[in-house]
Amino acid sequence: MKSLKWEEDQQEKLPPSRKHIQWATIVIIGVFLVLFLRLWQLQILEGETFERLSEKNRIRLRKIPFPRGIVMDKNGQVIADNRASFNLMVVPAEVEDPSSVMERLARGVQLDSHNAVSLVKQARKKNPFRSMVLREGLRWEEVAWVETNRLDLPGIWVEVEPRRHYPEGRKAAHVLGYVGEIPEELLKAWRGKGYRVGDRVGRSGVEKTLEPYLRGRDGGIQVEVDAKGRHLGVLQEVSFEPGADVVLTLDMRLQEVAEEALGDRTGAVVAGDPKTGAILAMVSHPSFDPNLFSEGISAETWKSLTESRDHPLTNRALMAQYPPGSTYKIVTAVAALEEGIITKDTPIYCPGHYTVGNRDYRCMKKEGHGWIRFREALIQSCDVYFYHLGHLLGVDRLARYAKGFGLGSPTGFDPDQEKPGLIPTSAWKKKRFGTPWHAGETVVAAIGQGYDLVTPIQQFVMISAVANGGEVMIPQIVERVVGPDGRVLASLEPRSQGRVPASSSTLRLLKEALRGVVQDPRGTGQRAKVPGVDVAGKTGTAQVVRMSERMRERKVAVPYRHRDHAWFVCFAPVEEPKIAVVVVVEHGGLGGMEAAPIAQRVIQAFLDMKRSGDGRGSS
């Protein structure tokens, strides 16, 4: 046995056979082949990809946001500027343990750590090296805490960004509009213009219409970092370009007067130069604070604004459509004079009602005005007189004159926001309802009721045309746009969209009658009187719902939402008009009682500014 064991040991010590050597060689070659292929894949096939990732990992691109252009009123008062806002930023790839880092961060910064972890993890899958905003609008103490603990917060830093600021708060909010994060549909439409996800853009008002001017160009900085995201140095920096500054025709002193005059009432005021169409004041109430949107509006606040029955985000001057009531008698009067239906001396008898078919249409004066002529009919706003004219004119001729005054279509002030209103015709009714037009509907239309709908800005165009001798001006709010280099990029040029279909003699008769509405002791607009100045205007009381006789005489309580809208349209001074004013008060009742005093305060303030000698309020 001992002999056999010795033989086995000797065999184990023999050199490997040829077969063993061959297998070993194959294994070694195989290993080297695998290594070579892997190296080829990494170096050749995916070399560019890994090189790019390496560069991304080494170099950070950080945006230097531009400040939007400043917005000023005509006197140089700043009404929209920028102020520094502090954003909490993160590069997802540099946060090795998101849960731990976010929990640590939440100790010093108001932050939903659970939501933040989820955001970071999602971003790591899509764009791990792209910086993203974790929270906007950090407070000073939060900024200090982050900077103090920065070494323990890899991938986290604070970025300073200029944010829109409206120093006057709610004043002129609907004119200015607000800025917010670019919506997806707009991002798609503007993709070729350099907009990116998260950019802030004008969402309404001047901020939106002048976005191409107010927007500047972002700068950028290339920062080299180490494997832990620590800054090693700046490789390159490109300066930002600020947006252009905008000077509006708005006069904030008159704006303030108009806002105070309207007070807590729901409605709108538009005041401007009837010759150029330049808007001096535009009020819509209820209003909102555009600063709410600058730092990112909360879901609760957004819901309260959008679901409010008072619709505070709606610019009533442009978007609210009301029946014009008796202010529409201006159109009916011009149409009747131009068409030869009446002369200024044609008498029409008002018994207190007008009968069409088997229905009586009431006059505002129950007992009637008796025999009445053109001037007195306008001064006293006799409904029967204008029922009669409308009946003789027919709805289609009436509509032609109304449209000639700019009613029933956007004025061109802001095509994105303006509502068209409605001036009905027989063809419109046939198409809309499939039924013929009735004579009773014409007499109602002749006093601005029925289907008639207009906006306050359209009323401004109409009364301005009367004041300026017949030009239908396009209202404007921008006086000039000035680029960062001081060049004037755009300036106000009065724009007319045509002339009203009325002769000079007709307009003179009309102006004289409208003067009587305010100046005559029998006029319905006496509460718009300004001492020492001739004011011309027309009152309007527009029904919201049809009321019974008892309700009309206020013998029963009328629910607020069923009360009439109060209108007043006017201009002054009559001989050389400098200002036209339109006021509407929703559910305000009589135009002469509720709307006329508001217009009076605006005109008085405007003329006082002119008399004071600084001239800044004039245009």
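The radius of gyration used here is taken over C-alpha atoms, and the globule rule is 2.2 Å times the number of residues to the power 0.38.

**Figure 1. Overall dimensions of the predicted model.** A compact globule of 619 residues would have a radius of gyration near 25 Å, whereas the protein has 36 Å. The C-alpha trace spans about 155 × 60 × 45 Å along its principal axes. The secondary structure comprises 25 helices and 23 strands. Of the 619 residues, 49% count as buried. The accessible surface comes to about 30100 Å², and carbon and sulfur atoms contribute 53% of this area. Among contacts with a separation of 6 or more, 71% involve residues 24 or more positions apart.

**Figure 2. The salt bridge between Glu211 and Arg68.** The two side chains meet at 3.0 Å, N to O.

**Figure 3. Surroundings of Asp218.** Asp218 lies in the loop between α10 (211-214) and β8 (219-225). Its side chain reaches the backbone nitrogen of Phe66 at 3.1 Å. Not counting residues up to four places away in sequence, Asp218 touches Lys63, Ile64, Pro65, Phe66, Arg196 and Phe240.

**Figure 4. Salt bridges with partly exposed partners, and a network.** Side chains of opposite charge can pair when their charged atoms come close. In the pair formed by Glu141 and Arg139, the closest N and O atoms are 2.9 Å apart; Arg139 counts as partly exposed, at 39% relative accessibility. Glu168 and Lys171 form a salt bridge with their closest N and O atoms 3.5 Å apart. Glu168 is partly exposed at 25% relative accessible area, as is Lys171 at 23%. A network of salt bridges links Arg375, Glu512, Arg515, Asp520, Arg522, Asp534 and Glu575. For the protein, the count comes to 36 salt bridges.

**Figure 5. A nonpolar patch on the surface.** The patch is formed by Leu33, Phe36, Leu37, Trp40, Ile44 and Leu45, which together have about 650 Å² of accessible area. Leu45 lies in helix α2 (residues 18-45). With a relative accessible area of 55%, Leu45 is exposed, because the limit for that class is over 50%.

Note on methods. Residues numbered from 1 in each chain as written. Predicted model: local features only at pLDDT ≥ 70, side-chain atom pairs only at ≥ 80, totals over all residues. Heavy atoms only, no water. Helix = DSSP H or I, 4+ residues; strand = E, 2+ residues; numbered from the N terminus. Polar contact = N/O pair within 3.5 Å; in protein donor to acceptor, adjacent residues only side chain to side chain. Contact = heavy atoms within 4.5 Å. Patch = residues over 30% accessible without salt bridge, like charges linked within 9 Å, V, L, I, M, F, W, Y side chains within 5 Å. Areas by Shrake-Rupley, 256 points an atom, 1.4 Å probe, with all protein chains shown as cover. Salt bridge = Lys/Arg side-chain N within 4 Å of Asp/Glu carboxyl O. Buried < 20%, exposed > 50% of the residue type's maximum accessible area, 1.4 Å probe, protein only.
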